Amino acid sequence: MDFLRPASWEEALAAKAEHPTAVPIAGGTDVMVEINFDHRRPEYLLDLNRVGDLYEWETGEDSVRLGASVPYSTIMEQLRAELPGLALASHTVASPQIRNRGGVGGNLGTASPAGDAHPALLAAGAEVEVASAARGTRMIPIDDFYTGVKRNALKPDELIRAVHVKKADGPQQYSKVGTRNAMVIAVCAFGLALHPETRTVRTGIGSAAPTPVRAKAAEEFLDAALAEGGFWDNGKIITPSVAKQFADLCAAACNPIDDVRGTASYRRHAVGVMARRTLTWTWESYRGARHTEGAA
Amino acid sequence: MRVNFTVNGRPQEADDVWEGESLLYVLRERLGLPGSKNACEQGECGSCTVRLDGVPVCSCLVAAGQAEGRDVVTVEGLADHARQRSRGGSEGVPLDAAKGWAAKGGTDSQAGEGIELAPIQQAFIDAGAVQCGFCTPGLLVASDELLEHNPNPSDADIREALSGNLCRCTGYEKIMDAVRLAAARQSEGV
Amino acid sequence: MPANGVPTKITQGSGTKGGIGESTLRPDGTLKVTGEFAYSSDMWHEDMLWGQILRSTVAHAEIVSIDTAEALALPGVYAVMTYDDLPTEVKHYGLEIQDTPVLAHGKVRHHGEPVAIVAADHPETARRAAAKIKVEYRELPVITDEKSALGPDAVLVHEHRDDHHIGHVDHPNIVHRQPIVRGDAAAAAARADVIVKGEYTFGMQDQAFLGPESGLAVPEEDGGVHLYIATQWLHSDLRQIAPVLGLPERKVRMTLSGVGGAFGGREDLSMQIHACLLALRTGKPVKIVYNRFESFFGHVHRHPAKLYYEHGATRDGKLTHVRCRIVLDGGAYASASPAVVGNASSLSIGPYVVDDVDIEAIALYTNNPPCGAMRGFGAVQACFAYEAQMDKLAKELGLDPVEFRQRNAMEQGTIMPTGQPVDSPAPVAELLRRVKAMPLPPERQWESSEGADVRQLPGGLSNTTHGEGVVRGIGYAVGIKNVGFSEGFDDYSTARVRMEVIAGEPVATVHTAMAEVGQGGVTVHAQIARSELGVAQVTIHPADTQVGSAGSTSASRQTYVTGGAVKNACELVRERVLDIGRRKFGSYHPAWATAELLLEGGKVVTDGGEVLADLVDVLEDEAVELEEEWRHRPTEAFDLRTGQGNGHVQYSFAAHRAVVEVDTELGLVKVIELACAQDVGKALNPLSVVGQIQGGTTQGLGVAVMEEIIVDPKTAKVRNPSFTDYLIPTILDTPTIPVDVLELADEHAPYGLRGIGEAPTLSSTPAVLAAIRNATGLELNRTPVRPEHLTGTA
C-alpha cells in the first residue's frame, strides 16, 4: 500500500490520473472502517486532507459551492440558512466525532444508498463538480450521479471537488429513521424541499432503493395539486387527501429490500409517514412565512 | 513510511508505519500512549476520541499519514490541556479554575496519588462515572471539549455531545452527573 | 404494607473512615481517567509478536483439508498452528463439559469457529498470513432451531457425547433438561377462573463489553508461560489452559490485566490458549487483540429462547398454577448452558407464590453461535415471559397490574417451585409499591418555547417527529435472580490479608484473585479491610494466581463471596493482632482480657471506646498475614425428574417502572424514564450500588428495543457482527434512572448484603415492553421489539 499526500488540488488530480485505482481518503469514515476490518486493501490511498480548497465554500447568487470535505458539523452550524435540508441531514450523520471529519464528498464518493446527504441534495437540487487532470472540470446533475448500488458517475481518474447546492428558496425538511436515537445508519430517510420560486416540490429518498432516488410521480402529483388548488397563493392548509396521496406515491417510489436494519415493507411504510410529516412541516413553515410577510 | 506530528504538545515521530495503520494504532502501539481505546475501530463507539487540531475525532478513522504535521491531544494530555486553557483564559474557562481540583489522592488510591487532573477527570471520579473505564478516555475528551465551548450545557446538550460515545457499564446516569458536576465547579470558579 | 425484614446493624469498624457503607471512590479511578490503567489490549512487550485467528466462514462443515504452506512462507510469520500442532492429548476445553476444540478438528460447528492461528511481527502480516491459509470445507446441513435439532433424522451436532447430562436428555442435541414438578398443575388449572397462554421469543443478546478480548502471553525461562489477561475467573481459565499446553498449573502464571467490562462474556476462554500456544511455539511474547468483528465470534452470547407459558388465576386475583416450557438455544458448544437451564427452570415463575407448577427447561445444541453466561443468566429470558403473562392475566381479570402482582408476591417463607423456602427478606410487594410511588416525569417534555426539541422525542436527532403520533405508555415488572453459584457447586473464594506497619502507619494489604471487571470489587475490599481492621491505608494487590481462587466475577456473587472471604480473613487477622496485643500489653490493662475489643482509627479500643494501644505499637515490625478460603452455605443439586432441591443460596429482587413514548406511526420508541427499586441487603458502597443498578437497567433496555444478534436461519451465519448493526443504547437512548435502594439484611450473608449486579437487568426489559404495550395496545411477544413489529410491517 502506498500513501499519496498531494498538497494541492492539482497534485491530487495528477496523482489520481497516474494511479486511477487510488482510493481517495478525506474524513476516513468509510475507508478506514474497510481497512480496519480487512475488507479492502487498496494499492494506493490518496489523502485529500491537505487540499485546503476542499474545505471551503462559496455562497453565490443561486447556489452554494460546497467543498467536498467541508465537515458536516460546519454545514450544520454555518449553512443552516442557505442549505436547511442539508444542514438537518448533516445533524443526523453518525456522531459528533464523525460529523467533525466527514463531508458530502465522502457520501457522494461512496454512493451508498444509506448516505445521509443524498436525499437532501436530491430535494434541494444540486450538481456535483468533478475534475480530472486530463479533461478538466465537469458538472454532473445530482439526478444522474447515482448509477447503482454504491456506484456513481465518476470516472476512474476523476475526483469530487465540490457540490453546488441550490440555495433554499423555501422551507426544507429532512427525516431519517433508525433503530436508535443517535449514531445510527438510516433504515430509510426522506428529504423534502419546497421551491416557491418555481412552484415545485422536490424529494429525495435514501436507503429504500438501490440508489438514492426522487419520488418523481409524487412530486408531479403535488405540483399539480398545489397549482390546481391555488395553494401557493392562498396558503391554505394542504388537504389531508392530497397529503395522503403524496405520501402513498412517495412510498410507491421505493424499491427496498429486507436486511438486518429493517424490512422492505417497513421502509415503504416509513417513507410514506416521513413524506406526510415533512410536507406538513414545510408547508406550515411556508404558510407561516407568508403570513409574517403579509403582516409586515 | 514515517509520520511526524505533535501529541500533547510534544513533537513525535513514528517510523516504519504501515500505510493502512490508523492514528489510534500509532498512538497505542508506537508512541506508548494506550489511553485512547480500541473498542470498535469503526467510529461507532467514541472510545478512541482525540482532539485533532482541536476537534474531537475518532482516531481509529484517521489514517496515520493524515496526522502528518498536525496537533493531537489524547486523554494522557488532557490535564495539561486544561491547565493551559485555564492559564490562557480562553473560551469560557475561568483562570485558575483547574487549581483546586487536583486529585485528592484518597487513602485507597493504589497509584497516581497527587497527580493533577483536569476538572472533568476529577468529576468523573467523584461522580462514580467510571466503572470498567474503557469508554472513559473518549468520554473525557468529548466532555472536556463540550465544556470548553458550552460551559453551561443543558442535559439535552450533554446527551447530544456525548451521543457518539458508548458506555456499557454505567447506564450514563453517573456520566451525566460528572459533566454537570464539572460544569458547576467551573461556574463556581468564576 | 410494611417491608418484611430489618436493616443491617454493624459494630466493628463503624467508626473508621472509608469503611463499608460509605461511597468511597475507586482506587483505580485516577489511573482510569488519565489513560494509564493497563487493559489487556494495552499490554506491550519488547520483541512481541501478534497473534491472529483464522475462523470458519461457514457454520457446519467437514474440514476436507487445511494448507498452511503459503502462510508460513510469508516473511514476518513466525508460526502457523492447526489442530495437528496441539502439543498434548488434551485438545478440548469447556466450563462444565469439555466439548470445545482448541482448534477445529475434522469439523466446524458454528460460524467463526477457530481453525488455525498465526503469529507474526505485525498485525497486518498476521492477517495476510491467515488469509493465505487454504481451508476446504464440505458443508453439512445446519441445525438452527428446536425443529431441526430434534427431528427424527436430525444431524447430531456432537456425535460422541459422553458427558454427565447425556443420560437424562431425550435427544443428543439437548445439552441438558431440567423439569420441575410441584403440586398438581392439572388439578389447579381446573380451579382457575381465567387461563392465559403465550408464546414468547427472546432474541440473542451480546454482552458488548467495550474492551475487546485480548491478552499477552510471555514465555518464561522455566518452560512455562505468563499470561496477562482480561477474564472473569483466573483459576477457571488456568484449569482449562494448563492441560492443553501440557504444563502443570504452577507453570502457567496468570495476572489479571485491566478488564474492559465482562457481563458474562469473559466467563469462557477466548484467546487465552491460542496466545499461550503461539508464545510457547515461538519462544516470544505474543499479543492477541480481537477487533469488534471478531469479538462477536470470540465469546458466547445470551441464549435466545422460545418460551411457552400457561398461567391460571382465580377471579379474586390469585395465581392457581403455571405450566411452562423454556427452550434455550445453546449453540454449538455447551459453555454454561446446563447452569442456565437450571436457572431458567427454577426461576421460571418469577417472585410469586404458586403451589402448582409444571415446568421444563432445555438447552439445545445447534449450529448457531455458542451461548452461555450473560448478566441475568437464564432468569432474564424467563422474566420477560412471566411478566408479560402477569400483565395479560391482570388485564383478563380487570385488575391493576401492580395490584395483581402484589397479591401474588412472594415473601420471606414462601416455598419456591423447587421446594426451597425463601429464608431471607423478599420485599417484592414493597419494591413494586416504591416504584409506583415515584413521581412521574412531566408530559410532553420535548416542548419548549423554540418548538419541539427532537432530542427528547422518539427518533431523536433523526428528526422524525415533532410530536405527531407520540403516545405515552407506562409498564411495570419485577424479577427474581439467584445470587452465587447454585445446584451444589462448591462456591468459595479465597483472600490473603496482611497487616503490618509501613512508614509509621498500620497498612492492610488485600490479595485475592477476584477479577475486577468494573463492578468496584476493589473499592469494596478496601472498605471491608478498613472496617474490619480499623486502618486508613489499604493496598489492593493485583489479582493473580499466586493466591487461591476467588471464583467467578458473575452471578452477582463477588461482594458476597470474595467480600465474605476478605471479611473473614480480616477477622482472623484481627484476632491475631489482638493476641499480639494481649501478649504485649495484656498485663497493663484488664480490658485486654475482659472487654470486647475493636480495631478503630489505627488503635485497639474497647467496645466502650477506651483506647488500649496503637496498632503501630502492637505490631512494631511484625507482619500478620494469612490466606483463607471462605464458603457460603452449601446448596443442593435439583432432582433431575422433579426439580426439587435447595439449589440456591440467596435471591435478589428488583422492580422497574418504565415510562416510554412511542411514535406509533413509525414504531420508534423513546424510553423517558426507567425507575428502579431494589433490595440490596446492605449497600457496602452506595455510589457503586446505584451505578450497578443503572448499568444493569440499561442493558435490559437495550434488549427491549434494539439489541439482537441476527443469525440467518438458512446458513446459521451471523449477519450483524459490528457496532454498526448490533446497536447498544447511546446516551440519547437512555433515560433518567431514579433508583430507590432498600436495605433489608439477609442474616446469612456478610453484613446482610445481597448480590445486586443482575437483578436490575431482569425486570427492565419486561417493564419497557409492558410500557410499549400500554402505549400501542399491541401484544408484542418478542424482544427486542423493532419498528416493524409496532407498525405491522414485519
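## Aromatic pairs

A residue counts as buried when its relative accessible area is under 20%. The model discussed here is predicted. Across all chains there are 20 aromatic pairs.

One of them joins C:Tyr200 and C:Phe384 in an edge-to-face arrangement. C:Tyr200 belongs to strand β10 (residues 194–202) of chain C, while C:Phe384 belongs to helix α10 (residues 379–397) of chain C, so the pair links parts 184 residues apart in sequence. C:Tyr200 and C:Phe384 are both buried.

The pair of C:Phe585 and C:Tyr588 is tilted, because its planes stand at 45°, with 6.3 Å between the ring centres. C:Tyr588 is exposed: its relative accessible area is 65%, and the cut-off for exposed is over 50%. In chain A, a single aromatic cluster is made up of A:Phe231, A:Trp232, A:Trp283 and A:Tyr286.

## Charges over rings

Two tyrosine rings of chain C deserve a look here. The charged end of C:Arg55 is placed over the ring of C:Tyr290, 5.0 Å from the ring centre. C:Lys91 lies over the face of C:Tyr83. Here the distance to the ring centre is 5.3 Å.

## Helix α7 of chain A

Helix α7 of chain A spans residues 117–124. Eight of its eight residues are buried, so the helix is largely enclosed by the rest of the structure. The buried residues are A:Ala117, A:His118, A:Pro119, A:Ala120, A:Leu121, A:Leu122, A:Ala123 and A:Ala124. After α7(A) comes A:Gly125. The phi of A:Gly125 is positive, near 95°.

## Annotated regions

UniProt, in an unreviewed entry, assigns "domain: FAD-binding PCMH-type" to residues 1–170 of chain A. Over residues 1–170, chain A is 34% helix and 26% strand. The end C-alpha atoms of this stretch lie 47 Å apart.

For chain C, an unreviewed UniProt entry lists "domain: Aldehyde oxidase/xanthine dehydrogenase a/b hammerhead" at residues 34–141. Over residues 34–141, chain C is 15% helix and 35% strand. The end C-alpha atoms are 51 Å apart.

## Chain B

Chain B has six helices and five strands. Read from the N terminus, their order is β-β-α-β-β-β-α-α-α-α-α. Of the 190 residues in chain B, 67% are buried.

Consider the contacts in chain B with a separation of 6 or more: 54% of them are between residues 24 or more positions apart. The accessible surface of chain B is about 5900 Å². Carbon and sulfur atoms hold 44% of that surface.

## The interface of chains C and B

Chain C contributes 73 residues to the contact, and chain B contributes 60 residues. Together the two chains bury about 5300 Å². Of this buried area, 57% is on carbon and sulfur atoms.

Which three residues supply more than any other three of the area that chain C buries against chain B? They are C:Val33, C:Leu210 and C:Ile731, which supply 15% of that area.

Definitions and conventions
Residues are numbered from 1 along each chain as its sequence is written. Chains are lettered from A and ligands numbered from 1 in the order in which they are written. This is a predicted model: local features need pLDDT of at least 70, side-chain atom pairs count only at pLDDT 80 or more; totals for chains, interfaces and linings use all residues. Side-chain values use heavy atoms; hydrogens and water are left out. Helices (H or I, at least four residues) and strands (E, at least two) are DSSP runs, numbered from the N terminus. Buried means under 20% relative accessible area, exposed over 50%, partly exposed in between (1.4 Å probe, protein chains only). Contact means heavy atoms within 4.5 Å. Accessible areas come from the Shrake-Rupley method with a 1.4 Å probe; for residues, only the protein chains shown count as cover. Rings of Phe, Tyr and Trp (its six-membered ring) pair if their centres lie within 6.5 Å; planes under 30 degrees apart count as stacked, over 60 as edge-to-face and the rest as tilted. A charge sits over a ring if NZ of Lys or CZ of Arg is within 6 Å of the ring centre and within 35 degrees of the ring normal. UniProt positions are given in the numbering used here, feature names are shortened, and annotations may be inferred rather than shown by experiment. Buried area is the accessible area (1.4 Å probe) that two parts lose on being put together, summed over both.
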